[in-house]
Amino acid sequence: MNRRRRLLPAAVTTVLGVGLFLAGGLGLAPQGGDGPAAQERPAGQDSADTGLGAEIRGLQDHLKEAPDDALALASLGLAYVQQAKATADPSYYPKAEAVLARSLSTEPAENFTAMAGMAALDSARHDFAAALDWSQKAIAVNPDNSTLYGTLADACTQLGRYPESFDAVQRMVDLKPGTPSLARASYAWELRGDTATAAATMKRALDDANTAADRAFALYHLSQLALDSGDAEAALAHAETGLRTAPGTASLLEARARAESALGDSAAAVADLRRAVAQVPQPEYVLELGELLQSSGRTDEAEQQYRVFRGEQKLFTDNGVALDADAALFEADHGDPAAALAAAEQGLRTRPFLETHDAYAWALHANGRDADALRQSDEALALGTRNALFHYHRAVVLRALGRDDEARTEFGTALGINPAFHPLHAPAARAALAELAPTG
């Protein structure tokens, strides 16, 4: 299915209680130490189940009695950021900003909890330069907290500062070789095209996981790594194991849907994606559902999902989230090429990451600027990332430039990485490869 997944999302923190971050325990697991922090809770895990809703209510009640408690304000801000991610409701971001600003005004100097909260908020809104600044400020206050290096690594990655990101990940691993640091290390290997080491490292993260949420997180990414290596059976097995660990988790339903689609079971894939969207209407889930429906000839249903996607994009922008790769790819594939170009250019200013370069290349192609598109494709593949969608986009650009031999190689590379990388583009790649086959 659609390969727009951000392999490890921008820093998002799970709050377990007032004071836990200052104790070095901001994370998913309820124990001492750094814990699996600054990573995404598997999307769709309900707030009532995780305790996040109760945590928010408890903090709100406490702040009625102690409105100037800087730590409680910072913890509430972090909880709002996590709630926005868990529910796909960006209206929590302005709330987070307000309480984090109050926390910092109350305690501006040593308040690394609020600084980390601002970094998480800015990452969620795709303002990665600001996230980097806040991460650095927090580390200056508390240089031995591994969580903060994860936040720093996320910001550096999205800003295209890859050596700094990899250094931050290594520092995180050195400080606390647990699930969150190993997961980021896996991502660092994947970005560089070493999917075998990425998978082995994610398996270490799974072995280290000591909560259902951590295990589900690792199994989700193992499913994606398997699928992105063309092993749909293994991808399905990982997703189903994850769903036994954390039943009904939306991210794992989406992972299973991708594997089911790759194995030719479109009906099951649609059903799982509908369940995921019903739980957590993440824009990427909505778009994946629309494209899967379109690939099955269900165009009216697909258009309905695309209308929902457009509405969600507006909701996110209204709450301060900068749109980038997803918006650009959507407009290039289904909407307005000029809008695709504008979204990609804006995205590149705030998030010069591999995905944004690829989206910019695709938007440039949609606007007939293929020479420029090829240069952006070079940037997208500069680290050697094995991404089938990137190679497909490059193949189409090369073909438009009349470089058919190179295009044929790139179409083959895309399909070799993952024969089912996208419900619409993978069939197009196979058709193009057949058309470009040497004759005689």
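In helix α18 the buried residues (under 20% relative accessible area, with exposed over 50% and partly exposed in between, for a 1.4 Å probe and protein chains only) are A340, L341, A343, A344, G347 and L348. The model is predicted: local features need pLDDT of at least 70 and side-chain atom pairs pLDDT 80 or more, whereas totals for chains, interfaces and linings use all residues. Residues are numbered from 1 along each chain as its sequence is written, and side-chain values use heavy atoms, without hydrogens or water.

**Helix α18**

- An α-helix has 3.6 residues a turn, so residues three or four places apart point the same way.
- These buried residues of α18 pack against α17, α19 (354-366) and α20 (370-380), where contact means heavy atoms within 4.5 Å.
- Helix α18 comprises 14 residues, 337-350; helices are DSSP runs of H or I with at least four residues, strands are runs of E with at least two, and both are numbered from the N terminus.
- From first to last C-alpha, α18 reaches 20 Å, close to the 20 Å expected at 1.5 Å a residue, the expected span being 1.5 Å times one less than the number of residues.

**Aromatic pairs**

- Rings of Phe, Tyr and Trp (its six-membered ring) pair if their centres lie within 6.5 Å, with planes under 30 degrees apart counted as stacked, over 60 as edge-to-face and the rest as tilted.
- By this rule there are 7 aromatic pairs.
- The ring centres of Y306 and F330 are 5.7 Å apart and the planes stand at 65°, so this pair is edge-to-face.
- Y306 in helix α16 (residues 299-318) and F330 in helix α17 (residues 325-334) are 24 residues apart, and the pair links distant parts of the chain.
- Both Y306 and F330 are buried.
- Y392 and F411 have ring centres 5.9 Å apart and planes at 55°, so the pair is tilted.
- Y392 counts as buried at 6% relative accessibility, and F411 is buried at 2%.
- W362, Y392, F411 and F421 are linked into a cluster by ring pairs.

**Charges over rings**

- A charge sits over a ring if NZ of Lys or CZ of Arg is within 6 Å of the ring centre and within 35 degrees of the ring normal.
- The charged end of K95 sits over the ring of Y92, 4.7 Å from its centre.
- The charged end of R192 sits over the ring of F166, 4.0 Å from its centre.
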